[in-house]
Amino acid sequence: AVNTRPESYTIDSKLEVRYGESNGVQAARSATFRLRYDRTPRALVAPFLGLDVDHDRIRKIDGRVAGGAGVNINFDYSDTQRTTLALGLVEEYEQRSTETTALTDTRFHSRFALLRTIRPGVVFELNGKYQPSTAEFSDYLAKADVSLRIALTTKLGFRTSYAWSRDATPAPGVLSKDDRTLTTALLIQW
C-alpha cells in the first residue's frame, strides 16, 4: 500500500500466485493482480477506482480484466478498525481457453469489509464480495475471505487465511463452481 497522504488518497496493489497439486494432479495454477485507488478513504462516503487482472488454468480463464468505480460507505474507519460497505459498477472482459470469442459484461459491485485489531500486531479481517451481471442476476461472481495477521517484527509477519469464491457460470468443462483456499504465508512489508 502507498499511503503518502492517507487523508487524501491511498493506492493499494496485490500480486498473488497460486500453485498446488493433490495426489499428483494439478489442483491450482493461477495469478491475480489487483490495483485500487481510494480518494478520501476516511470520509463517510469515499469514491474508489479498481482494476483486477486474473489468469487461472484450472478454471480455464486465459485472462479476466475487470475495471470499476464506486463509493465506499465507511461506518467506522481508523487505524485499528474499519467497517465498510462498497457499491459500484464493474466492466469485465474475459477470455476462456474453451471459447474463441471473448466475453464482456457489466456487473453490479457490492463488498462488505471488516477489520479489527485484536491487540497490537494482531489483525482480523473479513471481506465479502458479490458481483451479479446487470443483464442476468443468476450470472454472478462471489467471494468471501477471512484472515488473521500476526506481526513478528515491524517488517515481517505471519498470515493465515481461508477464501471461498464462486463463479455461477464457469467455463465449459470446469467441474465445480466453487474454489476454496486455505493459505498460510510469511509476509514481508517494505
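Thr183 lies in strand β11, and this residue makes a handy starting point for a walk through the predicted model. With a relative accessibility of 32%, Thr183 counts as partly exposed, because that value falls between the 20% cut-off for buried residues and the 50% cut-off for exposed ones. Which residues does Thr183 contact, once its neighbours within four places in sequence are left aside? The partners are Arg159, Thr160 and Ser161. A look across the fold gives a sense of distance: Gly88 sits 95 residues away from Thr183 in sequence, and the C-alpha atoms of the two are 29 Å apart in space.

Asn127 belongs to strand β8, which covers residues 122-132. Is Asn127 buried or exposed? Its relative accessible area is 18%, which is under 20%, so Asn127 counts as buried. When residues up to four places away in sequence are not counted, Asn127 touches Arg111, Phe112 and Ala113, and also Lys143, Ala144 and Asp145.

From single residues, the view can now widen to the whole chain. How many helices and strands does the protein have? There are zero helices and eleven strands, and reading along the sequence therefore gives the pattern β-β-β-β-β-β-β-β-β-β-β. The radius of gyration is 17 Å, close to the 16 Å that the globule rule gives for 190 residues, so the protein is as compact as a globular protein of that length. Along its principal axes, the C-alpha trace spans about 50 × 40 × 25 Å.

Of the 190 residues, 33% count as buried. The accessible surface comes to about 11400 Å², and carbon and sulfur atoms account for 59% of this area.

Most residues other than glycine have a negative phi. Asn23, however, has a phi near 55°, a positive value in a residue that is not glycine. Where is Asn23 found? Its place is the loop between β2 (9-22) and β3 (25-39). Asn23 is exposed, with a relative accessible area of 80%, a value over the 50% cut-off. Thr40 also has a positive phi, near 40°, and is likewise a residue other than glycine. This residue is placed in the loop between β3 and β4 (45-56). At 28% relative accessibility, Thr40 counts as partly exposed.

How values were computed
Residues are numbered from 1 along each chain as its sequence is written. This is a predicted model: local features need pLDDT of at least 70, side-chain atom pairs count only at pLDDT 80 or more; totals for chains, interfaces and linings use all residues. Side-chain values use heavy atoms; hydrogens and water are left out. Helices (H or I, at least four residues) and strands (E, at least two) are DSSP runs, numbered from the N terminus. Buried means under 20% relative accessible area, exposed over 50%, partly exposed in between (1.4 Å probe, protein chains only). The radius of gyration is taken over C-alpha atoms; the globule rule is 2.2 Å times the number of residues to the power 0.38. Accessible areas come from the Shrake-Rupley method with a 1.4 Å probe; for residues, only the protein chains shown count as cover. Contact means heavy atoms within 4.5 Å.
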